[in-house]
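Visitor: I have a model open and a few things to ask. Can you walk me through it?

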Amino acid sequence: MNHLLLDQLNQIHKQKLNLPGNVQVKSPGRINLIGEHTDYNDGFVMPAAIDKSIYAVFSKSHTNSYIYALDAEADHTFSVKDTLVPITDGGWKNYVLGVVAQLKDKGLPLGEFSMIFGGDIPIGAGLSSSAALENAVCHGLNELFGLGLTPKEMIVLSQKAEHEFAGVRCGIMDQFASMMGKKDHAFVLDCRSLDHTYFPVLLDTHEFVLYNSNVHHSLASSEYNVRREQCEQGVARLQSQGFAIQTLRDVSQDMLESHKNSFDPLIFKRCLYIVEENRRVNQFAQTMAANNLNEAGDILYQGHQGMKTAYEITCPEIDFMIDFTRELPQVAGARMTGGGFGGCTLNLVKKDYIDTLTADLNQAYQEKFGKNITPIRVTLDNGVETIAS
Ligand code: GLA
């Protein structure tokens, strides 16, 4: 819990609005251990909420609604009665407005409000700061106005806000992980049924360490939507061959391989990656549960290879960081985590080797790309919470 930041937000609330906040919320970012781009194919993912969060302080307002972002040192005033549309290059504002628009669409009794927020989730690092913000808004307004939404309703609503106001046709993983995380646990989520099973992640010898490549790829959201369309094309191809399938979740490797010739090769390799990645999630969960870290690490490397060559969502910096670890016996495995085209790698590293790895990797990265990596140490944490004042 970042008490310092929360205190600061409360002070700003008091200064700007001349009254104390009524509701305080902590809404975490997430890491994904494995299962990348499988969520929008109704498949499996294995994420966890982390101890890096968006914090927000809310109060009711008798005039307009007022939102203030500490990181950007910027604010925005609007009325919930306005017709809300995405703001061009609106950045953080669109995540807030998007959620408000969804709540209005549901006909919920929303009043005017103030919200002061800040966070300690690195932005653009693939750790879902945007989903954390959406969930913070949704949960905060749910509490403030007693809207009666369930966590699952809020998750779906936040996801829809991202589709409509940020233009990213994301799956459900990020909002789900941020909302439903559990301290010291990751969970396997079936993105079709939304059934989820928690797995304790408390390792004696190793730790999951993140390294931020500090690459924030501008193509990320457009390429993301392209991948989603390519998966849909693959499904349409198999449907046209008579298969009664809904999504790639329903597709087996045999089904795909036996119709390979009717596929555009690019679409085929995208689909094969998803089918294989779904299988990897369940394999990984089992090997972790059996504390078989070397095998689990191999699955992480396989996942990365798939993202690099078949799904093509990595970048040279990230691939360099993964290759650097491959021959090191102290690193069980590594892969990029998150939507791709930059962001962080997730490394399963022997605890007593982390400092050495960080220094060596940083030096090699610096020599090759002329910039630093940023190590990010995280613990697995609870999902969205109201914080008592
Ligand atoms: C982004 C999206 C998620 C998911 C990941 C890739 O984080 O928001 O829904 O698709 O990319 O696994």
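Guide: Terms first: helices (H or I, at least four residues) and strands (E, at least two) are DSSP runs, numbered from the N terminus. This is a predicted model, where local features need pLDDT of at least 70, side-chain atom pairs count only at pLDDT 80 or more, and totals for chains, interfaces and linings use all residues. Residues are numbered from 1 along each chain as its sequence is written, and side-chain values use heavy atoms, with hydrogens and water left out.

Visitor: Where does Gly91 lie?

Guide: Gly91 sits in the loop between strand 4 and helix 2 (92-105). Gly91 is partly exposed, because its relative accessibility is 40%. The classes are buried under 20% relative accessible area, exposed over 50%, and partly exposed in between (1.4 Å probe, protein chains only).

Visitor: How far apart are Gly91 and Phe165 in space?

Guide: C-alpha to C-alpha, 9.7 Å. In sequence they are 74 residues apart.

Visitor: On to the ligand. Which residues are around it?

Guide: Arg30, Glu36, His37, Asp39, Tyr40, Cys170, Gly171, Met173, Asp174, Tyr224 and Gly339. Each has a heavy atom within 4 Å of the ligand.

Visitor: How many of the shell residues are charged?

Guide: Four are charged, four nonpolar and three polar. In this scheme Ala, Val, Leu, Ile, Met, Phe, Trp, Tyr, Cys and Pro are nonpolar, Asp, Glu, Lys and Arg are charged, and the others, Gly among them, are polar.

Visitor: What about Glu73, buried or exposed?

Guide: Glu73 is exposed, with a relative accessible area of 65%. Glu73 has a positive phi too, about 45°. Its loop runs between strand 3 (65-69) and strand 4 (74-78).

Visitor: Which residues touch the most other members in the largest nonpolar core?

Guide: Leu103, Phe113, Met115, Leu141, Phe208 and Phe284, out of 80 residues. Strand 2 (residues 44-60) gives the most to this core, with eight residues. Domain 1 (3-200 + 381-387) and domain 2 (206-377) each supply at least three. Those bounds come from an automatic or database domain assignment. Such a core is a set of buried Ala, Val, Leu, Ile, Met, Phe, Trp, Tyr and Cys residues joined through side-chain atoms within 4.5 Å.

Visitor: Last one. Where is Ser61, and what lies 3.1 Å from its side chain?

Guide: Ser61 is in the loop between strand 2 and strand 3. The backbone nitrogen of Thr63 lies 3.1 Å from a polar atom of the Ser61 side chain. Ser61 counts as buried, at 16% relative accessibility.

Conventions: A polar contact is a pair of N or O atoms within 3.5 Å; within protein, one must be able to donate a hydrogen and the other to accept it, and residues adjacent in sequence count only if both atoms are side-chain atoms.
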